[in-house]
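Let's take a friendly walk through a protein structure, looking at how its parts meet and pack. Keep the 3D view open as you read.

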Amino acid sequence: MIAIFAQQIVLGLLLGALYGLATVGLALVFGVMKVLNVSHGELIMFGGYASFWLLSLYGVDPYLSIFLSMLILFLMGVGLQKGLFVHVTKLGEAVRIKNSLLIGFGLGLIMHNLAILFWTADERSITPAYAGLGTSIFGVVLPLTRVGGLFVAVLAIAILHYFLNRTYLGKSIRATAEDWESATLMGIDIQKTYLVSFALGCALAGVAGTLVGVGYYISPAIGLEWTLKSLIVIVLAGLGSISGIFLGGLLLGVAEALGGFFIGMIYRDLVALILFFSVLLFKPEGLFARRMR
Amino acid sequence: MNMMALGKPSRFLVPVLLVGVLAATPLLIRETYYINLLFLVLLFIALAQSWNILAGLAGQVNLGHAAFFGIGALASRILWISGVNPFLGILAGGVLATFFALIIGLPTFRLRGIYFAIGTLAMAEILRHVTKNALPILSLLPSAYIVEYDLTPRYYLALTLALIASLTVYILVNSKIGLGMMAVQEDEDAAEASGVSALKHKLLALLISSFLAGLTGALFAFYQVSYYYELSFSPTWTFDALIITFVGGVGTIIGPIVGAAFFVVFRELFARFLVEVHLIVFGALFIIVVLLLPGGIIEATGRVRQWARSISSR
């Protein structure tokens, strides 16, 4: 019994790490640009497919193709920002959030149906030779690919943290998030900062997509689910800090696992909704709210 | 309200004629194919108008409209199959959807920005998952129901519902409450400063919107011979409502009507493709409308007319 319980917690943490990684990309874009890109989940899905095809067509190991998936999504992000979202960033904040929601929704719809058109609606997994392997500690199974996902997620978030705190470009992104008008006065090119932030958010979706495809499964329909999980994590954690968001992801993962364990798998998804409402009612600024990053 | 006092009688000529033609159609056309198609147009008009009330008037983006549609469908279907009068069941579906709207509206409307959109999306998706897990079966009507199934009363119900939804938008637009909603959409602070309660107006718009969405879902459940329970919670109901409203013209009365007709015809034309090509096309149209033409088709035709007039007067 205890082993089953511990197993659920561990699986929840491993999935939660990906919730965290998925959310960091979305929150970066939202925090800096006040653009809520609800097609973030579809970008994750595209990242998953990039690695899937790189493995099945050219035999590229998924942990290697993470870089390619990142690059592809980064370039997609540049395209989307320059073609679409740049028009939104010129609006006032309230209209900007609303219109970015709408555009993201339309974009997600298009990407979802394009994915069905290109790759059929089947569920697929990225399965390198070592896909089924895993170790067991005290009766708790640790699937290798999911543990790998946890490591990569932590690494990616650490690198992002370093970038935002230690590099000039990163600091200019944080300054823009804090107060874009002052940032402009300090000579920061806002549109360039927006472009880098958006593309970076997409690149993070690429990393998350590969990890989702390796550890779990991808299909054209997963986008909305991942967007939703990310949005719930944002509500749970607030936009305060990257580490807070990562913690929020872990929390959601564990909460869902516990929900599945105690109230049954059928109703495990309700846990997220209950968490969401409880936080809104009692601590609407988020559980780990602090000043921006 | 005296209808004639509102404006020239000619303003009402076209709508009244349209309703008359639609009401006579089942008597003139016998092919169920066309009645079915018209039924769907009417269903989507009702659905889009219900979304339009909240977004077009009060300015709140509901990303989980499917939740209210689905609750209406699920509740009325179960009541109907267990022997309750279908009309009572449909009404119950609407009421239950409104109740859920209250649950989501109260906590999220106190906060601004993204919370309502996230809350509705979360509710719709999670209800879909729970329904999929708890009722993973096909809902098939009992054979006695199938024997006496008749499309015509369903068609008239759809016509009535589409009419009620459109009239609701019309009445709201011309009422003080509707003006309050539009004031909230324009600027919440300014509305509050002029004594218009933002929370009250947003909630009212949501309750009306979800009640109509619940009725529409219930009508869908009354119309389908068989469907998976999960289907009525599918996010496509939200997508469709949103796209139809925007492509037609958000915040207008005719917009969702024109949009729904376009949408159903377009979907039918592309039906032979396996993939939902119409969604890709309409998704792109939708983005173009949001970015470049916030008034949708209605605004576009207005502009073309203006342009034609300026040409002819030259």
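## Where the two chains meet

In this predicted model, 35 residues of chain A are in contact with 32 residues of chain B. On the chain A side, four helices each supply at least two of the touching residues: helix 3 (62-88), helix 4 (93-119), helix 9 (222-237) and helix 11 (270-282). Helix 4 of chain A gives the most, with 15 residues.

What classes of residue make up this side of chain A? The residues that touch chain B divide into 28 nonpolar, four polar and three charged.

## The overall build of chain B

Now turn to chain B, which has 14 helices and two strands. Its radius of gyration is 20 Å, close to the 20 Å that the globule rule gives for 314 residues, so chain B is as compact as a globular protein of that length. Along the principal axes, the C-alpha atoms of chain B fill a box of roughly 65 × 50 × 45 Å.

Of the 314 residues in chain B, 48% are buried. Look also at which parts of the sequence meet: among contacts in chain B with a separation of 6 or more, 79% are between residues 24 or more positions apart.

## Helix 11 against helix 12

Two packed helices are described by the angle between their axes and the distance between the axes. In chain B, helix 11 (residues 236-248) and helix 12 (residues 254-269) pack at about 115°, with their axes 7 Å apart. That angle makes helix 11 of chain B roughly perpendicular to helix 12 of chain B. Their crossing is right-handed.

## Helix 2 against helix 12

Which way does the crossing of helix 2 of chain B and helix 12 of chain B go, left-handed or right-handed? First, the geometry: the axes of helix 2 (residues 32-57) of chain B and helix 12 of chain B come within 8 Å and cross at roughly 135°. That makes helix 2 of chain B oblique to helix 12 of chain B, and the crossing is right-handed.

Among the residues making this contact are Leu37(B), Phe44(B) and Asn52(B) of helix 2 of chain B, along with Pro256(B), Phe263(B) and Glu268(B) of helix 12 of chain B. By class, the contact has twelve nonpolar, three polar and one charged residues.

Methods: Residues are numbered from 1 along each chain as its sequence is written. Chains are lettered from A and ligands numbered from 1 in the order in which they are written. This is a predicted model: local features need pLDDT of at least 70, side-chain atom pairs count only at pLDDT 80 or more; totals for chains, interfaces and linings use all residues. Two residues are in contact if their C-beta atoms, placed from the backbone, lie within 7 Å. Ala, Val, Leu, Ile, Met, Phe, Trp, Tyr, Cys and Pro count as nonpolar, Asp, Glu, Lys and Arg as charged, and the others, Gly among them, as polar. The radius of gyration is taken over C-alpha atoms; the globule rule is 2.2 Å times the number of residues to the power 0.38. A residue is buried if 20 or more other C-beta atoms lie within 10 Å of its own, exposed if 12 or fewer, and partly exposed in between; C-beta atoms are placed from the backbone. Axes are lines fitted to C-alpha atoms, for helices over the stretch in contact, and angles run from 0 to 180 degrees between N-to-C directions. Angles under 35 degrees count as roughly parallel, over 145 as roughly antiparallel, 65 to 115 as roughly perpendicular and the rest as oblique. A crossing is left-handed if the near helix is turned anticlockwise from the far one by less than a right angle, and right-handed if clockwise.
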